[in-house]
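Follow along in the viewer if you like.

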Amino acid sequence: MPNLNKNTEDLSVIRAGLSKTPWLVVCLCAAWCDTCTAYRKQFDTLQEQHLDKCFAWIDIEDQAYLVEDVDVENFPTLLVQHNDQTLFFGTMLPDASQLHRLLTSFSASLAEDPAFASKNTSLCQEMPSGWSLRRIILENE
């Protein structure tokens with residue numbers, strides 16, 4: 001399967017990727033964050049192992065309107081959504097192997113039980129009910 005998008009901040013490219021997959025994998029960061037800068041290359045490389053997923057790098061200051069309803073207190077904060085269901089939302093050590101294991105586990109769980117996404121809430125920090133970055137990106141053309 002071809003890569004859906006090159007990890008980008010360009011919302012039109014992200015929208016195009018989202019039109020081809022139910023998966024959205026996002027790193028919420030800030031340009032001034034040295035940890036995020038160091039993590040970026042790992043995050044970019046990781047998408048080559050998950051070609052069926054749309055990866056996005058969202059700067060919470062430059063693109064604040066996308067995440068104004070959620071609290072991002074530490075970096076990197078990662079978000080994994082399948083359709084509009086959030087599977088993971090929270091801070092993770094800047095080690096792409098951890099995110100790789102999480103994505104692999106989610107893919108296997110969804111293959112085994114398609115209702116897995118609607119049952120999973122334990123890996124999410126607090127967020128508004130029904131909030132979906134995927135939906136926000138698709139609706140903000």
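**Entry 1: the core.** For these notes, a nonpolar core is a set of buried Ala, Val, Leu, Ile, Met, Phe, Trp, Tyr and Cys residues joined through side-chain atoms within 4.5 Å. Keep in mind that this is a predicted model. I looked up the largest nonpolar core and found that it has 46 residues. Leu-28, Phe-43, Leu-99 and Leu-133 touch the most other members. I then checked which element gives this core its largest share, and it is strand S1 (residues 23-29), with seven residues. In soluble globular proteins, nonpolar side chains tend to be buried together.

Next I picked Leu-133 and listed its contacts, leaving aside neighbours within four places in sequence. Leu-24, Val-26 and Leu-28 are among them, and so are Leu-66, Val-67, Leu-79 and Gln-81.

**Entry 2: helix H2.** I compared the length of H2 with what its 13 residues should give.

Which residues of H2 are buried? I found Cys-36, Tyr-39, Phe-43, Asp-44 and Leu-46. Their cover includes S1, strand S2 (54-59), strand S3 (77-82) and helix H4 (96-112).

**Entry 3: aromatic rings.** I counted six aromatic pairs. The one I looked at is Tyr-39 with Phe-43: the ring centres are 6.0 Å apart and the planes are at 50°, so the pair is tilted. The two residues are four apart in helix H2 (residues 34-46), which means about one helical turn separates them. An α-helix has 3.6 residues a turn, so residues three or four places apart point the same way. Tyr-39 is buried at a relative accessible area of 1%, and Phe-43 is buried at 0%. Ring pairs also link Tyr-39 and Phe-43 with Phe-55 and Trp-57 in a cluster.

The charged end of Lys-53 sits over it, 4.6 Å from the ring centre.

Entry 4: Is Arg-15 buried or exposed? Its relative accessibility is 16%, and the cut-off for buried is under 20%, so Arg-15 counts as buried. Arg-15 is in helix H1 (residues 11-18). Beyond its neighbours within four places in sequence, Arg-15 contacts Ile-137, Leu-138, Asn-140 and Glu-141.

I looked at Gln-98 as well, which is in helix H4. Gln-98 is partly exposed, with a relative accessible area of 25%. With neighbours within four places in sequence left aside, Gln-98 contacts Met-92 and Leu-93.

**Entry 5: backbone checks.** Most residues other than glycine have a negative phi, and most peptide bonds are trans. I went looking for departures and noted two places.

- The peptide bond from Phe-75 to Pro-76 is cis, with omega near -10°. Pro-76 is in the loop between helix H3 (64-67) and S3.
- Asn-83 has a positive phi, near 55°, and is not a glycine. I found Asn-83 in the loop between S3 and strand S4 (85-91). At 40% relative accessibility, Asn-83 counts as partly exposed.

Definitions and conventions: Residues numbered from 1 in each chain as written. Predicted model: local features only at pLDDT ≥ 70, side-chain atom pairs only at ≥ 80, totals over all residues. Heavy atoms only, no water. Buried < 20%, exposed > 50% of the residue type's maximum accessible area, 1.4 Å probe, protein only. Contact = heavy atoms within 4.5 Å. Phe/Tyr/Trp six-rings, centres within 6.5 Å; stacked < 30°, edge-to-face > 60°. Lys NZ or Arg CZ within 6 Å of the ring centre and 35° of its normal. Expected span 1.5 Å × (residues − 1).
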